[in-house]
Amino acid sequence: MAAQQKRLITQPTSKLGKLDICTILRKEDSWTLLPRPTREELYTLLPAPRAGEPAHDPDVHPLRTNLKPFIEEELRVWQEDLKEGREAKKWRVEAMQAGKDRREGKFEEGMEVCREEYWGKREVGEELVRHEDGVKGEVGSEEAKDADAADV
């Protein structure tokens with residue numbers, strides 16, 4: 001793929017992020033101008049027909065099938081990802097590393113700190129209560145009783 005084409009599909013400032021891609025692709029020529037092998041390959045990327053449905057026909061524009069709403073939604077999601085920089089190589093590399101780090105448990109400590117900040121720290125044998133108004137305290141403590149009384 002040429003560098004200019006790669007930038008077109010990966011850079012947040014790409015013109016593809018500003019166009020209404022669905023409107024362009026709805027035109028019959030956008031499908032019929034593609035070589036048949038390309039149309040067949042594109043259909044392999046779509047979900048297989050359900051039992052009893054006819055096989056995908058490469059001569060039928062996919063935006064003229066029951067798959068239209070799904071294709072258009074995926075195009076919108078891709079376009080948003082493009083504009084937000086999630087198609088850039090750097091972002092993808094960082095996302096892959098973050099996934100690997102999470103599987104290895106590298107974020108567990110931070111998640112526990114966030115959980116404790118939100119819910120309160122629980123001591124062994126103690127049970128914490130968090131009310132809608134944000135009052136925290138041990139079950140049976142004065143804080144919890146006061147919060148319960150305020151709820152009545």
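Me: Starting with terms: helices (H or I, at least four residues) and strands (E, at least two) are DSSP runs, numbered from the N terminus. So where does Arg 39 lie?

Reply: Arg 39 lies in helix H4, which covers residues 36-44. Before we go on, this is a predicted model, in which local features need pLDDT of at least 70 and side-chain atom pairs count only at pLDDT 80 or more, while totals for chains, interfaces and linings use all residues. Residues are numbered from 1 along each chain as its sequence is written, and side-chain values use heavy atoms, with hydrogens and water left out.

Me: Good to know. Is Arg 39 buried or exposed?

Reply: Arg 39 counts as buried, at 10% relative accessibility. Buried is under 20% relative accessible area, exposed is over 50%, and partly exposed is in between (1.4 Å probe, protein chains only).

Me: An arginine, then! What does Arg 39 touch?

Reply: Leaving aside residues up to four places away in sequence, Arg 39 touches Trp 31, Thr 32, Leu 34, Pro 58 and Asp 59. Contact here means heavy atoms within 4.5 Å.

Me: Thr 32 is on that list. Where is Thr 32 found?

Reply: Thr 32 is in helix H3, and with 37% relative accessibility this threonine is partly exposed. The C-alpha atoms of Thr 32 and Val 60 are 8.7 Å apart, although 28 residues separate the two along the chain.

Me: And Thr 38, how far is its C-alpha atom from that of Pro 58?

Reply: That separation is 9.0 Å, with the two residues 20 apart along the chain. Thr 38 sits in H4, like Arg 39, but is partly exposed, with a relative accessible area of 30%.

Me: Let's zoom out. How many helices and strands does the protein have?

Reply: There are eight helices and two strands. Read from the N terminus, the order is α-α-α-α-α-α-α-β-β-α.

Me: What share of the residues counts as buried?

Reply: 20% of the 152 residues count as buried. As for contacts between residues at least 6 apart in sequence, 38% of them join residues at least 24 apart.

Me: Which residues make up the largest nonpolar core?

Reply: Eight of them: Leu 16, Ile 21, Cys 22, Leu 63, Leu 67, Ile 71, Leu 75 and Leu 82. Helix H2 (21-26) and helix H5 (68-83) are the elements that each give two or more residues to this core, and H5 gives the most, with three. A nonpolar core here is a set of buried Ala, Val, Leu, Ile, Met, Phe, Trp, Tyr and Cys residues joined through side-chain atoms within 4.5 Å.

Me: What does Leu 67 touch?

Reply: Leu 67 touches Leu 46, His 56 and Pro 62, not counting residues up to four places away in sequence.

Me: Back to H5. Which of its residues are buried?

Reply: In H5, the buried residues are Ile 71, Glu 72, Leu 75, Gln 79, Asp 81 and Leu 82. Helix H1 (3-10) and H2 are among the things that cover the buried residues of H5.

Me: How far apart are the end C-alpha atoms of H5?

Reply: They are 23 Å apart, which agrees with the 22 Å that its 16 residues should span at 1.5 Å a residue. The expected span is 1.5 Å times one less than the number of residues. Just after H5, Gly 85 takes a positive phi of about 85 degrees.

Me: Which residues does Glu 87 touch?

Reply: Not counting residues up to four places away in sequence, Glu 87 touches Ile 9, Thr 10, Trp 78, Asp 81, Leu 82 and Arg 92. Among these, Asp 81 and Leu 82 are also buried residues of H5, and Leu 82 belongs to the largest nonpolar core.
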